[in-house]
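Biologist: Could you take a close look at one part of this model for me, and show me how it fits into the whole? I like to have the cut-offs for each term as we go.

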Amino acid sequence: MTATTTQIKHEVKDLSLAPLGKQRIEWAGREMPVLELIRDRFAKEKPFAGIRLSACCHVTTETAHLAIALKAGGADAVLIASNPLSTQDDVAASLVVDYGIPVFAIKGEDSATYNRHVEIALDHKPNIIIDDGSDVTVHLVQHRQNQLADIIGTTEETTTGIVRLAAMFKDGALSFPAMNVNDAETKHFFDNRYGTGQSTLDGIIRATNILLAGKSIVVAGYGWCGKGTALRARGMGANVIVTEINAVRALEATMDGFRVMPMEEAASQGDIFITVTGNKHVIRGEHFAQMKDGAIVCNSGHFDIEIDLKALGAEASEVRTVRPFTQQYHLKSGKSVIVLGEGRLINLAAAEGHPSAVMDMSFANQAMACEYLVKNKGKLQPGLHSIPIEVDQEIARLKLEAMGINMDTLTSAQVQYINSWTSGT
């Protein structure tokens, strides 16, 4: 490491961790065939030649393959962490040592370090930003107006980030195109539902080693992440309660067989609470007061604001770490509340994030979205843009092919029928 951001080539925990990181990156690649195909094409076509790219992502084995694919395509890329607890330090080291990619990410980095890394990402003067929560994009718009002319566009794959981008566009602050990777069918149907569902429970189990069967688990939010979490929790034998603010989703959760009630009512019934809403203070002081002694609280939404930890801390007489990523708040009432992963993403704080097979499709969308921005430079209007349906379909087709699964195709008569309005029943 060196003293100035213009000279820094990396900032990781320990470069000696690189051999383990490389081994784990290669293991993850076994289940990422779609991104491998895209990487091989990028290596031949070099779609990002001359493009500076700053990526703010969870630095995991799967993200490593995205970074490697972008570099193969000619990108001058820099990678920073999108969450202080989501970095896998051995992977960060390997990307620097084995793949020559500048990485600025350390698991457990404080807010000052995180913000400095955001500055480094923008010091790179990116043409494309890959964002995970839109922190880099927001900082660019608020503090680096002089760099807006360099921006071709940004890509975003979280619900939280899309909400922020939509608000920016509504306020007239988003002056460049943003690819809505989050809403691609091959992203949210699989990443949010299957990925979040499995990895969230994985993080809870690793942090606590508790039995989920027979527990009452409260899932706050029934979007795709909430659906996956609730489904997997039920599969582990838990009694699942869902809280919602959207009437359609609340009805859907009810029809899916879950109990639905306000958090105020669920607070006294739950053994484990999981927030997956993308909003702030879903669990508040009045809820903590009603919880059982020893209730466990965690978050699998994007930021750590879903749980009001300041309110909890104000009621605590003592806070102590009882296991890695597990803090026990002793309340003045005599009860205790357990918080996992400091309220940050439990699936990345205490576990390894989504399985590689799921992230294969998510990062395929990210890579293709970046290519789409470059190919359409100057043609796209400011605002959110969906992943083209043909790209979504191609990613799904490649995934099925890699899994050895065949599907039906339309006959010529069927094609004619569905494209005609004159044929009746």
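Modeller: Happy to, and the whole chain comes first. For 425 residues, a compact globule would have a radius of gyration near 22 Å (taken over C-alpha atoms, by the rule of 2.2 Å times the number of residues to the power 0.38), and the chain agrees, because its own value is 22 Å. This is a predicted model, in which local features need pLDDT of at least 70 and side-chain atom pairs count only at pLDDT 80 or more, while totals for chains, interfaces and linings use all residues. Residues are numbered from 1 along each chain as its sequence is written, and side-chain values use heavy atoms, with hydrogens and water left out.

The C-alpha trace spans about 75 × 65 × 45 Å along its principal axes. Of the 425 residues, 54% count as buried, where buried means under 20% relative accessible area, exposed over 50% and partly exposed in between (1.4 Å probe, protein chains only). Contact here means heavy atoms within 4.5 Å. Among contacts in the chain with a separation of 6 or more, 72% join residues 24 or more positions apart.

Now to the helix itself. Helix 15 runs over residues 356–375, and its 20 residues reach 28 Å from the first C-alpha to the last, close to the 28 Å expected at 1.5 Å a residue (that is, 1.5 Å times one less than the number of residues). It is mostly covered, with 16 of the 20 residues buried. An α-helix has 3.6 residues a turn, so residues three or four places apart point the same way.

Beyond its neighbours within four places in sequence, S362 is in contact with E157, V181, T186, K187 and D191.

Helix 15 also takes part in a pocket. Together with helix 8 (185–208) and helix 16 (389–402), it is one of the elements that each supply at least two residues of the lining of the second largest pocket. That pocket has a volume of about 390 Å³. Among its 19 lining residues, F190, M361, A396, K399 and L400 are the closest to the centre. Helix 16 gives the most to this lining, with eight residues. By class, the lining holds 12 nonpolar, two polar and five charged residues. In that count, Ala, Val, Leu, Ile, Met, Phe, Trp, Tyr, Cys and Pro are nonpolar, Asp, Glu, Lys and Arg are charged, and the others, Gly among them, are polar.

The pocket was found on a 1 Å grid over the protein atoms alone: a pocket is an open set of points with protein on both sides within 12 Å along at least five of seven lines, a cavity is a set where a 1.4 Å probe fits but cannot get out, and lining residues have an atom within 4 Å of a point. Points are joined across faces, edges and corners, and a volume is the space filled by probe spheres set on them.

The structure holds one cavity of 30 Å³ or more, and the largest cavity has a volume of about 60 Å³. Strand 1 (52–57), helix 3 (61–72) and strand 2 (76–81) each give two or more residues to its lining, and helix 3 has the largest share, at four residues. The residues of this lining include A55, C57, L66 and I101. The classes come to nine nonpolar, one polar and no charged residues.

Two loop residues are worth a glance as you turn the model. H281, in the loop between strand 10 (272–275) and helix 12 (285–290), has a positive phi of about 50° although it is not a glycine. F325, in the loop between strand 12 (316–323) and strand 13 (326–331), is also a non-glycine residue with positive phi, near 65°. Both are partly exposed: H281 has a relative accessible area of 28%, and F325 is at 33%.
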